Amino acid sequence: DEVSWPKLKTMLRVTALVNCLVAVSAFFSPSARITSPTASVLRRNLAPVSMAAVQKKMQWVPFVNAAECQKGTINSGFQYGLEIAIVCDEQGGLYAMSNKMPPFGQPTTFALQEKGVVIDPVTRTQFSTKTGKPVGSWCPAPPLFGKLFGLITSPQDMPTFPCRKKGNAVEVNVNVNAKAAFETDYWRGILDAQGKTDGGYY
């Protein structure tokens, strides 16, 4: 029988639609994704990343000018990503401590000094210059708020470091790879959250 033009147009449309569906299904098929160059690049980018641990490297590093370390003063220096305060007590003894005081990170250079301790200017918490450990009450000040601070924070030690006077400088024995190690651990955590590390740091 002779096919009418309307029927022919319908058949052509159906045929075109079927061809489009076949092409789309082929594009999204597993075999197409596996063999496509784009997919290969993506798989390479998503491959597990191996990040070697940064080794600790201890060195004596000059932090402050020795002439600045007068009795009863606290000076600070910044080297290798570390900010360290040099405390010089009334007897001329030198102590190296972190320049951030718990619990709120006040600079140690703002601290008060008494025999054997530095005192946080906000909470009046005292820390031993030799060990960095809290001495006495935790967060005894300010009035009213001190008790609240004591409830929402826990006693913490201040990091301390060996130090010495050498020539015109006060040197501190520090891990010069500390910043690199921290950054490596940070990125390992980010990559692990995305399933891209080898899990070697566990």
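**Chatting through the model**

Trainee: Glu 171: buried or partly exposed?
Mentor: Glu 171 counts as buried, because its relative accessibility is 10%. Buried means under 20% relative accessible area, exposed means over 50%, and partly exposed lies in between (1.4 Å probe, protein chains only).

Trainee: What should I know about the model itself?
Mentor: This is a predicted model, where local features need pLDDT of at least 70 and side-chain atom pairs count only at pLDDT 80 or more, while totals for chains, interfaces and linings use all residues. Residues are numbered from 1 along each chain as its sequence is written, and side-chain values use heavy atoms, with hydrogens and water left out.

Trainee: Back to Glu 171, which side chain does it meet in a salt bridge?
Mentor: Glu 171 meets Arg 164, at 2.9 Å from N to O. A salt bridge here is a side-chain nitrogen of Lys or Arg within 4 Å of a carboxyl oxygen of Asp or Glu. Arg 164 is partly exposed, at 32% relative accessibility.

Trainee: How many salt bridges are there by this rule?
Mentor: The count is 2. Asp 157 also forms one with Lys 133, with the closest N and O atoms 3.1 Å apart. Asp 157 sits in the loop between helix 4 (145-152) and strand 11 (160-161), and Lys 133 in the loop between strand 9 and strand 10 (134-135), so the pair ties together parts 24 residues apart in sequence.

Trainee: How are helices and strands picked, and how many are in the protein chain?
Mentor: They are DSSP runs numbered from the N terminus: helices are H or I with at least four residues, strands are E with at least two. The protein chain has 5 helices and 13 strands.

Trainee: What order do the strands take in the open sheet?
Mentor: The 4 strands run 7-8-9-10, with antiparallel pairing. Strand 7 (112-114) and strand 10 are at the edges with a single partner strand each, so one side of each has no neighbour in the sheet. Two strands pair if DSSP finds at least two bridges between them, and strand 9 and strand 10 pair over 2 bridges. Phe 127 stands opposite Pro 134 in strand 10.

Trainee: New topic: where is Val 122?
Mentor: Val 122 is in the loop between strand 8 (117-119) and strand 9 (126-128). Val 122 is partly exposed, with a relative accessible area of 34%.

Trainee: And overall, what share of the residues counts as buried?
Mentor: Of the 202 residues of the protein chain, 28% count as buried.
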